[in-house]
Amino acid sequence: MPNTSPIFQDGSGQYPGQGRKKPVTWIIILGAILILGIAGLGISSLISAKPQNGGTVVRAPSIAVVAKKTIRDIVSVSGVLELTKKEIISSPGDGIVDQVYVQEGDQVRAGQALLQIGTSDLESQLESKLLSLEKLNRQIEQATVTQEFSRKQRSIEIAAAKRSLEDAQRELDKVKALKDKNLASDQDLLSAQQKLLNAQDALDKAQISQDQAEASYQLEMKNSLADRSILEKDIADLKAKIAAYRVCTSRGGTVYSLSVAVGGTVSNYKELAVVANPADSRAALDVPETRIGSITKGLPVTVYVGETAYPATVETIAPSATSSSSSSGSVVRVTALFKTKPERPTIGASVSGEIVAGTIPDALVLPRGPYLSSGNYSTVYVVSNGVAKKVTVKFGVADGSYIQVVSGLNEGDRVIISDYRDFIHLDSFPVEEGSK
């Protein structure tokens, strides 16, 4: 049968089959439980306060010794390929594109046509100007012919006036001689004198008329010739503009951009195309503003285009900094001129580079290794007496297979340089080094 007797009895009851026992109160039992609980918490706290490694033991890691070495002060940069020389072809005027003869990437020779802008309006203007010039030339020719006949006619009139004057003078002389002999009257003398004066006036009028006609002709010709010069200039400009609307390249090379299409509208000075020789390339590099003080013209640069390294030198340094889209700091644009140029550079392609700003003697260094790509660049594990401990460090420049240690380590420290990913969460752990 199941035992149905109460566990705690108020009186002096007995358990079946047992003798009489002294009762145990529930207060004593609860106190014991409480004491055991407090003790358990204390033990748990002590256990948790002790550094835990979860039983991790790292066996045969790669270890390097911090050493002193003279390294190059390398400024790592990124940038793009750009053209040193390029022909920016602009629109000669407003119009609509009739034809496009090339595509981006095409090779073109000097003088080759790239596109044709419509010239119907210009050709209409040219035709009108040519007709006006032809009409003006006829007017000039007509005025010249008329003036020639006018000159001849006035010459005849002046010659006749001169003869009349000579006749009047002889008549006056004759009357005077007769008057001296009392053969002519005073009235005859006055009449002869009047004829002389009239003949002189007629000659003067003929000469004035000739001078006036000549002056008018010269003024007319001056104006006509000025109008003709203006027309001729307008015609020359229109012809040049029509010729320019057949847009050509002057240098030749590769068509790097083409911003027009057939039927598109263009405006004066709008950029239509860029043509350049791909060999005329250079690297445009962004140097962190904090390092620009160590950069000068002529410093050696290694530019990496894809997997290929090209030697170059610093050519120009921008006078001001700009904000960077790839970092929180500002950068200064530096251009590097290739010593050996890429054969077929992709203009605008991303590149990286290393500028050698100088040397750092007796720098503390570590070999570069997987530990640098383990997600934490500010800590390393220093091994001493079979235990690896996490140490905060600061790295500097990288030179080839070495990286500078700026702070946190001393010469002779032994550092794990293999991958940290399996134990990066631990502050310390045992290390079993391999046989030497």
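## The main core

The largest nonpolar core holds 28 residues, and those with the most contacts inside it are Leu114, Leu115, Ile117, Leu258, Val260 and Leu272. Strand S7 (113-117), helix H2 (120-180), helix H3 (186-244), strand S9 (253-258) and S11 each give two or more residues to this core. A nonpolar core here is a set of buried Ala, Val, Leu, Ile, Met, Phe, Trp, Tyr and Cys residues joined through side-chain atoms within 4.5 Å. Buried means under 20% relative accessible area, exposed means over 50%, and partly exposed is in between (1.4 Å probe, protein chains only). Apart from this core lies another one, of 26 residues, with Val66, Val382, Ile416 and Ile417 among them.

Take Leu258 as a way in: leaving aside neighbours within four places in sequence, Leu258 is in contact (heavy atoms within 4.5 Å) with Val100, Val102, Gln103, Glu104, Leu115, Leu272 and Ala273.

## What you're looking at

This is a predicted model, where local features need pLDDT of at least 70 and side-chain atom pairs count only at pLDDT 80 or more, while totals for chains, interfaces and linings use all residues. Residues are numbered from 1 along each chain as its sequence is written, and side-chain values use heavy atoms, with hydrogens and water left out.

The protein chain has three helices and 22 strands. These are DSSP runs numbered from the N terminus: helices are H or I with at least four residues, strands are E with at least two. Of the 436 residues, 30% count as buried. Among contacts between residues at least 6 apart in sequence, 76% join residues at least 24 apart. The chain exposes about 27,200 Å², with carbon and sulfur atoms supplying 53% of it; accessible areas come from the Shrake-Rupley method with a 1.4 Å probe, and for residues only the protein chains shown count as cover.

## A four-stranded sheet

Now for a sheet: four strands form an open one in the order S4-S11-S9-S6, with antiparallel pairing. Strand S4 (87-90) and strand S6 (107-108) stand at the edges with a single partner strand each, so one side of each has no neighbour in the sheet. Two strands pair if DSSP finds at least two bridges between them.

S4 and strand S11 (residues 271-276) run antiparallel and are joined by four bridges. Within that pairing, Ile88 sits opposite Val274 in S11.

## Salt bridges

The whole structure contains 17 salt bridges, each a side-chain nitrogen of Lys or Arg within 4 Å of a carboxyl oxygen of Asp or Glu. One of them pairs Glu432 with Arg59, the closest N and O atoms being 3.2 Å apart. Glu432 lies in strand S22 (residues 428-432) and Arg59 in strand S1 (residues 58-59), so this pair ties together parts that are 373 residues apart in sequence. Glu432 is partly exposed at 41% relative accessibility, whereas Arg59 is exposed at 56%.

Asp73 and Arg291 also meet in a salt bridge (2.9 Å, N to O). Here Asp73 comes from strand S3 (residues 67-83) and Arg291 from the loop between strand S12 (281-288) and strand S13 (300-305), 218 residues apart. Asp73 is buried at 15% relative accessibility, while Arg291 is partly exposed at 22%. Within helix H2, Glu148 and Arg151 are three residues apart, so about one helical turn separates them; their side chains form a salt bridge too (2.9 Å, N to O). Glu148 is partly exposed at 38%, and so is Arg151 at 25%. Salt bridges with shared partners also join Glu82, Arg282 and Glu315 into one network.
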